[in-house]
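Please open the model in a viewer and follow the selections below in order.

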Amino acid sequence: MHSLILYYIALWKPLGYAVVFIGLFIEGDIVLFIAAFLTSQGVFDLGDMIIVAFSGTLLGDIFWYFLGYYINGRFARVSKWIDKITKPFDEHILSRSFHTILISKFTFSLNRAILFRAGSLKVPLRNFLKADLAAICLWMIAVGGFGYFTNISLALVRHYFRAAEFALLLGLAIFLIVFHMVSRRSKKAL
């Protein structure tokens, strides 16, 4: 391996699983994508990674829900900021929790605010968990699957990278030549 961090993660896998768990607790998409990619590389075990990723995401979502539930109105600045972002989604959060949470999982920086808002709106925990569990499963299949199978597609097209580099270089050279010729002609015309 060429990375010092990956070397230590591969050497002591519990560290890697802990990093993924904490990363998914805090943030989501990029951590899941990288974890799935590294799993396809053989750095992590697939079954263990699914359990770690699912539990880290679920506990993070529950944390944000309860944070919204208990902070509701106590910190005016935070509540005002969250209200400003998520107030238009209140009807959707209350009536279509699953759809709202699922869409927010794929929307950068909106997911945590939606989860917080669901807690502050006092969405029943059972309804929240039912919607969140289904959304987590679909999100993990989409993002994790994309990360996992990116390795396979890169292996298949690896030998085409050289041709693509050459084509880009050739295209740049042609563009510069044409640009130079057009600018010379326009200078002569003036």
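Select Lys105: at 5% relative accessibility, this residue counts as buried, the term meaning under 20% relative accessible area with a 1.4 Å probe and protein chains only. The model is predicted, so local features need pLDDT of at least 70 and side-chain atom pairs pLDDT 80 or more, while totals for chains, interfaces and linings use all residues. Residues are numbered from 1 along each chain as its sequence is written, and side-chain values use heavy atoms, without hydrogens and water.

Lys105 lies in helix 7 (residues 97-105) and Asp61 in helix 4, so the pair ties together parts 44 residues apart in sequence. Helices are DSSP runs (H or I, at least four residues), numbered from the N terminus. Asp61 is buried as well, with a relative accessible area of 0%.

Now select Asp132, whose side chain meets that of Lys105 in a salt bridge (3.8 Å, N to O). Asp132 belongs to helix 9 (residues 125-157), and both residues are buried. Salt bridges with shared partners join Asp61, Lys105, Arg112 and Asp132 into one network.

Move on to Asp90 and Arg117, where another salt bridge spans 2.6 Å from N to O. Asp90 is in helix 6 (residues 90-95) and Arg117 in helix 8 (residues 111-120), 27 residues apart. Asp90 is buried at 13% relative accessible area, and Arg117 is buried at 6%. The structure holds 4 salt bridges.

How values were computed. Helix = DSSP H or I, 4+ residues; strand = E, 2+ residues; numbered from the N terminus. Buried < 20%, exposed > 50% of the residue type's maximum accessible area, 1.4 Å probe, protein only.
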